[in-house]
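Please keep the sequence and the model in view while reading.

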Amino acid sequence: IELKSGMLNVLLKTGTVFTQVDLWLGLSYCDGNWKKVTVNKEGSVVSASVNELREQTLEPSIQQLKVNSPVYIGGVPSEIQNIYKDLGSEQGFGGCMKDVKFTRGAVVNLASVSSSAVRVNLDGCLSTDSAVNCRGNDSILVYRGKEQSVYENGLQPFTEYLYRVVASNEGGSVSSAWTCARTRESVPQNVPTPSRVHSINGYSIEVTWDKPAGVIGVIEKYILKAYEEDGPSVPIAIAELADTSMLTGVLTGLRPFTNYAVTLTACTLAGCTESLHALNISTPQEAPEDVQLPTAATFPTSLMMSWSPPKTPNGIITRYTLYMNGVPIYFGNGTRCVVKDLAVFTPHQFLLTACTIAGCTNSSQVTLFTAQLPPTHVDAPVLTILDSRTIYVQWKEPLEVNGILDRYVIYIANNEQNFTKWNVIYNSTEFFLDYTIRHLFPGTEYLIKLAACTGGGCSISEASTAVTDESTPEGVPAPKTQSFSSDSFNISWTKPEYPNGIITSYGLYMDGVLIQNSSQLSCYAYGLAPWSLHSFRVQACTAKGCALGPLVEARTMEASPEGTVDVFATVDGSKEAQLKWLAPIKPHGQLNYTVFFTGLFYADQ
């Protein structure tokens, strides 16, 4: 059923039979008053009437009409219109309807029975005070000229207008059919503040409002917004309500125990308007959320427990309860507690409960240990001599670790340093119970002790003693020689750099001959010729053998020459003489010669 260009058109299709009824109305319906429209099918007669005007048609082949699908009033959805293109449906109805009836049934309240509504104002019609009379003789001339388009402004929002064009010349005129057009809605004005707000719980509120007065158009949706008081101008929670027949809505996503300012926004297709003022409300308290795990400063026999307030308290915290191993050990408003008389490095399970007047919430359970201590006792290591440079060390794990074993450390000292300097020779987090010490000095006494460490510190054992096997000395020094007379030497030397055992004797070789074999570190050699060259070498011996040091050469001091100097003179002319001489038989050193002349010397005048 359609009304266009002054014609009420009824098109009925049953099976393959089309029946059409056309009732000419002209502009008689456009007077601002209600019109009663009746469409009737009785057997093969289909009729249509508007007030006193009536038209009917007879179609013998028409079939019985059975309606088993949705009924659309005011327009057809695009998906349906595309399927039944042969119906030639125009754009949707613009205007007002009331008292819709089907056959002999009761009056239908569209607001209560409709399953959906699109841009429909179900609360009544627009005001007709500004309605434009659309009768032909009373129509308003909006344009005269030669253009083929015109722009008209100053119209009323959301109002239907009828237009037709008359083309004329000196020979006459011709008119177009009437066509309708509706202006768009305006943005709502004077949106009221919500009339009532009450809390459902700490997270949601129910808001009630009155319908905005003077809205020109169809309200598409309502929007509820909640702002934190004294907070940023950005809403914390928003709820969009598409069912505009409802004047009550629920706003969720709020925080308990918080002050909010709630506003109402009404929207048409032209835009939205928010109420100038807000209604304030405080959400009630709820049980806390995100209760924090308790933490502890750990000591060997006690724990100093502490905790932070819940990240989301949802109210005023009235009480904390701390549980240890399922037993409550603290009640109160504080945030710390000391637990005493505990065993060393022992696990305990803790759980914290935080409460408001609305309820309580537990944290997750956490396991905390008391602090570690060093092991109670560490046995001295067992030492095995493998050779002159290797010691094999073995040990046992402490019986009372007092924590988590972290590492073993081996300290070593030797008699060469008088056992005053301890060096770390092994430090490992691997929990082996043995270690081989290599590259030691032969024949050396070593003290070795073991440390076992936890997170609480280290305990050190008593020292064990071991002496490596002896070997021949190494690094035998060169002797130092000093001659204070022309026939003797004072020779001295030091211990080998690496004795590799106990030195049993020192031997001194002079010119390849052993002249002394004793424990002394010096020797006096005498009865030597002046300025005579001699070689010296030191030998050091242990029970495992002897080793020689480097060779050193030295001379005795010089002495006065012994014997005579025979001189021979040869005259070479009247003014020259040549002298020659023989060295003394025993020079006793490096000789220097001095020649003395006596007599007259010839001099050129």
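Helices (H or I, at least four residues) and strands (E, at least two) are DSSP runs, numbered from the N terminus. By this numbering, Asn 190 lies in the loop between strand E10 (179-182) and strand E11. The model is a predicted one, in which local features need pLDDT of at least 70 and side-chain atom pairs count only at pLDDT 80 or more, while totals for chains, interfaces and linings use all residues. Residues are numbered from 1 along each chain as its sequence is written, and side-chain values use heavy atoms, with hydrogens and water left out.

The table sets out both residues; buried means under 20% relative accessible area, exposed over 50%, and partly exposed in between (1.4 Å probe, protein chains only).

| Residue | Phi | Relative accessibility |
|---|---|---|
| Asn 51 | positive, about 55° | 38%, partly exposed |
| Asn 190 | positive, near 55° | 69%, exposed |

Two strands pair if DSSP finds at least two bridges between them. An open sheet is formed by 3 strands in the order E11-E12-E15, with antiparallel pairing. Strand E11 (196-201) and strand E15 (248-251) stand at the edges with a single partner strand each, so one side of each has no neighbour in the sheet. From one strand to the next, the twist averages 25°; axes are lines fitted to C-alpha atoms, and angles run from 0 to 180 degrees between N-to-C directions. E11 is joined to strand E12 (residues 204-208) by 5 bridges. Ser 199 has Ile 205 in E12 as its bridge partner.

**Nonpolar cores**

A nonpolar core is a set of buried Ala, Val, Leu, Ile, Met, Phe, Trp, Tyr and Cys residues joined through side-chain atoms within 4.5 Å. The largest has 20 residues, of which Ile 205, Val 207, Trp 209, Tyr 222, Leu 224 and Leu 251 touch the most other members. At least two residues of this core come from each of E12, strand E13 (221-228), strand E14 (237-241) and strand E16 (259-268). The most are given by E16, with 4 residues.

Contact means heavy atoms within 4.5 Å. Leaving aside neighbours within four places in sequence, the contacts of Leu 224 include Val 207, Trp 209, Ile 238, Leu 251 and Leu 264. Another core, of 18 residues, lies apart from the largest one and has among its members Val 393, Val 401, Leu 405 and Tyr 426.
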